[in-house]
Amino acid sequence: MANPLADCVSSLRSSNHLLASSISILDSGVNDFPRLIKVLQTTRHFELLPTSALQTAQADLLASITPEIESLLSRVEAYLDCLARREQALIARYELLEGRLSMSGEDGEAMRRNVCGPGRKSMAADGEGGREALRLKQMRAKKERLAYAVERLALQAQQRERQLRMSVAAQ
């Protein structure tokens, strides 16, 4: 009878040893739990969105920004056109004034030659020549003014054509 009990004791000891081994394995696994919790814990650094939601947000943003951008661009274009017209007007005015100065310089020299020239005519002839020179000078000035006005009108017509083309192209 001692023999069957010895087998039972031996089996109990091996079970006890197996249980102790399992407890030590579980203990090492449980002791590492806080670290495993940190490692396995998911942190969302980036939120993933569906493509449709992203496209909707982009379309909304584009719809809200587009009118402002178009408004600013039209204001800039209008201002640049105004500056271009002003530049053209200043260039035309410069050329006109330069022409007037050069003509008045030539006319002044011609009149001085007539008045102070060596073969002086009678007073009546000088008066008549002076009036004629003055009339000629006035006619030249009028011609310059009209040429300037024609050039300015041509530039305005070109500008309006450009604006019309731009508005048609924008539509």
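**Figure 1. A nonpolar surface patch in a predicted model.** Leu61, Ile65, Ile69 and Leu73 together form a nonpolar patch on the surface. Accessible areas come from the Shrake-Rupley method with a 1.4 Å probe, and for residues only the protein chains shown count as cover. Patches are made of residues with over 30% relative accessible area and no salt bridge; like charges are joined within 9 Å, and nonpolar side chains (Val, Leu, Ile, Met, Phe, Trp, Tyr) within 5 Å. Leu73 sits in helix 3, residues 51–116. The model is predicted: local features need pLDDT of at least 70, side-chain atom pairs count only at pLDDT 80 or more, and totals for chains, interfaces and linings use all residues. Residues are numbered from 1 along each chain as its sequence is written, and side-chain values use heavy atoms, leaving out hydrogens and water.

**Figure 2. The one salt bridge, Arg135 with Glu132.** A search of the whole structure finds one salt bridge. The term means a side-chain nitrogen of Lys or Arg within 4 Å of a carboxyl oxygen of Asp or Glu. Here Arg135 pairs with Glu132, and the closest N and O atoms are 3.7 Å apart. Both residues lie in helix 4 (residues 123–170). They are three residues apart, about one turn of the helix. Arg135 is partly exposed, at 47% relative accessible area. Glu132 is partly exposed too, at 45%. Buried means under 20% relative accessible area, exposed over 50%, and partly exposed in between (1.4 Å probe, protein chains only).

**Figure 3. Asp81, buried without a salt bridge.** Asp81 belongs to helix 3. Asp81 is buried yet has no salt bridge. The nearest side chain of opposite charge, Arg162, is 4.5 Å away. For charge, Lys and Arg count as positive and Asp and Glu as negative; His and the chain ends are not counted. Setting aside residues up to four places away in sequence, Asp81 touches Gln159, Arg162 and Gln163. Contact means heavy atoms within 4.5 Å.

**Figure 4. Gln159 and its partners.** Gln159 lies in helix 4. Gln159 is buried, at 5% relative accessibility. A polar contact of 3.3 Å joins its side chain to that of Asp81. Such a contact is a pair of N or O atoms within 3.5 Å; within protein, one must be able to donate a hydrogen and the other to accept it, and residues adjacent in sequence count only if both atoms are side-chain atoms. Beyond its neighbours within four places in sequence, Gln159 is in contact with Asp81 and Arg85.

Terms used. Helix = DSSP H or I, 4+ residues; strand = E, 2+ residues; numbered from the N terminus.
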